[in-house]
Amino acid sequence: MLDYGPAWLAFRWLSLVDQIYIKLCRIRALEEAPDERMVADAPRDEYLGIINYCLVGLMKDEGTLPTAEAVVREPSVLESLDCGDILGRYDAAASRALGLLAKKDHDYGAAWRGMAVSSITDQMIVKILRVKHILDSPRRLAAADSLPAQFMDILNYCLFSLILIEEH
């Protein structure tokens with residue numbers, strides 16, 4: 001926010017989803033050929049980027065911030081947004097995601113601890129491909145298939161991966 005402001009509001013849904021997809025593809029490529037890295041960023045940086053994009057998606061889904069179309073039509077709308085308010089929304093979205101993580105971790109008995117990080121990556125890729133399908137679908141979705149549910153799951157998988165990487 002300090003460097004770029006809320007310019008991310010100009011992302012259309014598919015563009016935001018594609019940013020997550022790109023990062024997941026990089027993580028998968030690094031998992032498959034870790035010695036062929038040409039850019040210094042580590043998978044950790046990619047996971048943190050995905051978490052950030054998921055939180056942006058959760059904030060956009062609230063419907064109370066300017067739409068991408070409104071931002072492109074009138075970029076000055078960004079100047080009227082309160083940085084503190086947006087950071088508060090960011091923290092609230094993160095808190096909701098962590099609350100869901102704790103509930104799912106309890107219900108699933110921390111089963112993710114027995115998973116390979118590469119399997120978690122595949123789960124995230126499946127989720128982001130589902131989101132791409134959701135965006136292309138004209139039908140109404142069940143709550144479990146909603147964009148926020150998908151973003152929260154992807155965010156939680158990122159956290160699981162980060163924990164497993166740190167522990168190993």
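## Second largest pocket

In this predicted model, the second largest pocket has a lining made up of Met1, Gly5, Trp8, Phe11, Asn52, Tyr53, Val56, Met59, Ile86, Leu87 and Tyr90. Helix H2 (43–61) and helix H4 each contribute at least two residues to that lining, and H2 provides the largest share, with 4 residues.

By class, the lining of the second largest pocket consists of 9 nonpolar and 2 polar residues, with no charged ones, and the volume of this pocket is about 200 Å³.

## Largest pocket

The largest pocket holds about 290 Å³ of space, and its lining is formed by Leu101, Lys104, Asp105, Tyr108, Ala111, Trp112, Met115, Lys127, Asp153, Asn156, Tyr157 and Phe160. Helix H4 (83–108) and helix H6 (147–167) each supply at least two of the residues in the lining of the largest pocket.

When the residues lining the largest pocket are sorted by class, 7 are nonpolar, 1 is polar and 4 are charged.

## Cysteines

How many disulfides does a search of the whole structure find? The search returns 0 disulfides. For Cys158, the closest cysteine sulfur belongs to Cys54 and lies 6.0 Å from the sulfur of Cys158, which is too far for a bond, given that a disulfide requires the two sulfur atoms to be within 2.5 Å.

Is Cys158 buried or exposed? With a relative accessibility of 0%, Cys158 counts as buried, whereas Cys83 is partly exposed, at a relative accessible area of 29%.

Definitions and conventions: Residues are numbered from 1 along each chain as its sequence is written. This is a predicted model: local features need pLDDT of at least 70, side-chain atom pairs count only at pLDDT 80 or more; totals for chains, interfaces and linings use all residues. Side-chain values use heavy atoms; hydrogens and water are left out. Buried means under 20% relative accessible area, exposed over 50%, partly exposed in between (1.4 Å probe, protein chains only). On a 1 Å grid over the protein atoms alone, a cavity is a set of points where a 1.4 Å probe fits but cannot get out, and a pocket is an open set with protein on both sides within 12 Å along at least five of seven lines; lining residues have an atom within 4 Å of a point. Grid points are joined across faces, edges and corners, and a volume is the space filled by probe spheres set on the points. Ala, Val, Leu, Ile, Met, Phe, Trp, Tyr, Cys and Pro count as nonpolar, Asp, Glu, Lys and Arg as charged, and the others, Gly among them, as polar.
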